[in-house]
Amino acid sequence: MKIAMGQFAVRPVWEDNARVCLDLMRRAAEAGADLLVLPEGILARDIADPDLVRRAAQPLDGPFVSQLQALSRGLDLTVIMTVHTPAAGERVWNTQVALRRGEIVAQYRKLHLYDAFSMQESVNVVPGDTVPPLVPVAGMRVGMMTCYDLRFPELARRLALDGADVLVVPSAWVKGPLKEAHWSVLSTARALENTCYVAAVGECGPRNIGASMVVDPLGVAIAQAGEQEALVFADLDPARIAHAREVLPVLKNRRFARPELALPAAG
């Protein structure tokens with residue numbers, strides 16, 4: 001599988017972000033990519049107005065996703081990203097979607113909300129309540145995670161045990177002391193402990209680190225972006241996964257059962 005990581009800074013106006021995404025889709029397809037992963041929350045963002053994600057939210061059949069779907073009909077490319085979609089009440093979902101040939105082939109609502117490091121995602125966002133699906137792409141199985149999910153090894157392990165060869169992590173990883181180290185260490189750990197590829201794609205700009213990266217099943221970073229907007233490619237090889245799982249059979253050697261999602265008690 002050839003994967004493309006489209007790293008950019010999300011603008012406050014959705015039409016501007018749609019134009020960036022459409023351009024990245026065309027360029028990724030022209031380069032022969034099978035999968036394009038875009039950052040988290042790409043519909044609209046303003047670091048001076050954190051409530052914009054709620055006010056700007058659109059349903060999946062709204063104009064933003066519809067424009068991307070329309071272009072995807074003519075491309076041999078799967079596109080994965082997250083957008084904020086309306087939920088019941090005043091909050092929204094942080095929804096990851098996979099587009100292919102004009103269709104939404106998978107979606108996942110972010111489980112772990114970023115209520116950490118003095119930020120409170122749950123003010124505007126409702127957590128999901130289902131385990132992400134696997135998306136078949138070019139003969140490999142892709143598991144969906146979103147940003148803060150990277151800090152929770154249970155989800156990555158669950159997806160690996162469900163059969164994931166690749167974990168994609170659209171993100172808006174916020175800058176701060178040692179935060180780039182956290183990003184690199186956690187992306188590498190999730191790949192190495194599950195002997196799968198991890199494609200962690202970050203938003204760049206004044207608030208977030210960028211630093212999109214692909215880590216292989218033995219913990220080797222095979223592609224990485226800096227802090228600027230970029231389109232970065234990597235080739236993912238099923239033989240590398242097979243080799244890693246032969247020499248490092250952690251999935252076979254584990255002593256714990258498959259993680260299950262714990263839901264809040266009713267009432």
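Cys 204 is buried, at a relative accessible area of 3%; buried here means under 20% relative accessible area, exposed over 50%, and partly exposed in between, with a 1.4 Å probe and protein chains only. This is a predicted model, in which local features need pLDDT of at least 70 and side-chain atom pairs count only at pLDDT 80 or more, while totals for chains, interfaces and linings use all residues. Residues are numbered from 1 along each chain as its sequence is written, and side-chain values use heavy atoms, with hydrogens and water left out.

Back to the cysteines. Which cysteine sulfur is closest to that of Cys 204? The sulfur of Cys 21 is, at 12 Å, and that is too far for a bond. A disulfide is taken as a pair of cysteine sulfur atoms within 2.5 Å. Cys 196 is buried too, with 0% relative accessibility. Its closest cysteine sulfur belongs to Cys 147, 18 Å away, again too far for a bond. By this rule the number of disulfides is 0.

Cys 147 has a backbone feature to point out. Its phi is near 45 degrees, a positive value in a residue other than glycine. Most residues other than glycine have a negative phi. Cys 147 sits in the loop between strand E8, residues 140-144, and helix H4, and at 6% relative accessibility Cys 147 counts as buried. On the labels: helices (H or I, at least four residues) and strands (E, at least two) are DSSP runs, numbered from the N terminus.

Ala 211 is another case, with a positive phi near 60 degrees. Ala 211 lies in the loop between E10 and E11, and counts as buried at 8% relative accessibility. Pro 206 is in the loop between strand E10 (197-202) and strand E11 (213-215). Is Pro 206 buried or exposed? Pro 206 counts as exposed, at 66% relative accessibility. Leaving out residues up to four places away in sequence, Pro 206 touches Ile 47 and Lys 175, where contact means heavy atoms within 4.5 Å. From Pro 206 to Asn 17 there are 189 residues along the chain, and their C-alpha atoms are separated by 16 Å.

Helix H1 (residues 14-30) packs on helix H3 (residues 63-72) at an angle of about 20 degrees, with the axes 10 Å apart. Axes are lines fitted to C-alpha atoms, for helices over the stretch in contact, and angles run from 0 to 180 degrees between N-to-C directions. The angle makes H1 roughly parallel to H3; under 35 degrees counts as roughly parallel, over 145 as roughly antiparallel, 65 to 115 as roughly perpendicular, and the rest as oblique.

On the H1 side, the contact residues are Trp 14, Asn 17, Ala 18, Cys 21, Leu 22, Met 25 and Arg 26, and they meet Pro 63, Phe 64, Gln 67, Leu 68, Leu 71 and Ser 72 of H3. This contact divides into 9 nonpolar, 3 polar and 1 charged. For those classes, Ala, Val, Leu, Ile, Met, Phe, Trp, Tyr, Cys and Pro count as nonpolar, Asp, Glu, Lys and Arg as charged, and the others, Gly among them, as polar.

The other helix pair is H4 with H5. Helix H4 (residues 153-162) and helix H5 (residues 179-194) have their axes 10 Å apart and pack at about 40 degrees. Their crossing is right-handed. H4 contributes Pro 153, Ala 156, Arg 157 and Ala 160, and H5 contributes Arg 190, Glu 193 and Asn 194. By class, these are 3 nonpolar, 1 polar and 3 charged.

Asn 194, in helix H5, is buried at 0% relative accessible area. Beyond its neighbours within four places in sequence, Asn 194 is in contact with Ala 156, Arg 157, Ala 160, Arg 245 and Leu 251.

In H4, the buried residues include Leu 155, Arg 158 and Leu 159. What covers the buried residues of H4 includes strand E5 (103-109), strand E7 (134-137), E8, strand E9 (166-171), H5 and helix H7 (250-253). After H4 comes Gly 163, with a positive phi near 120 degrees.

How values were computed. Left-handed = near helix turned anticlockwise from the far one by under 90°.
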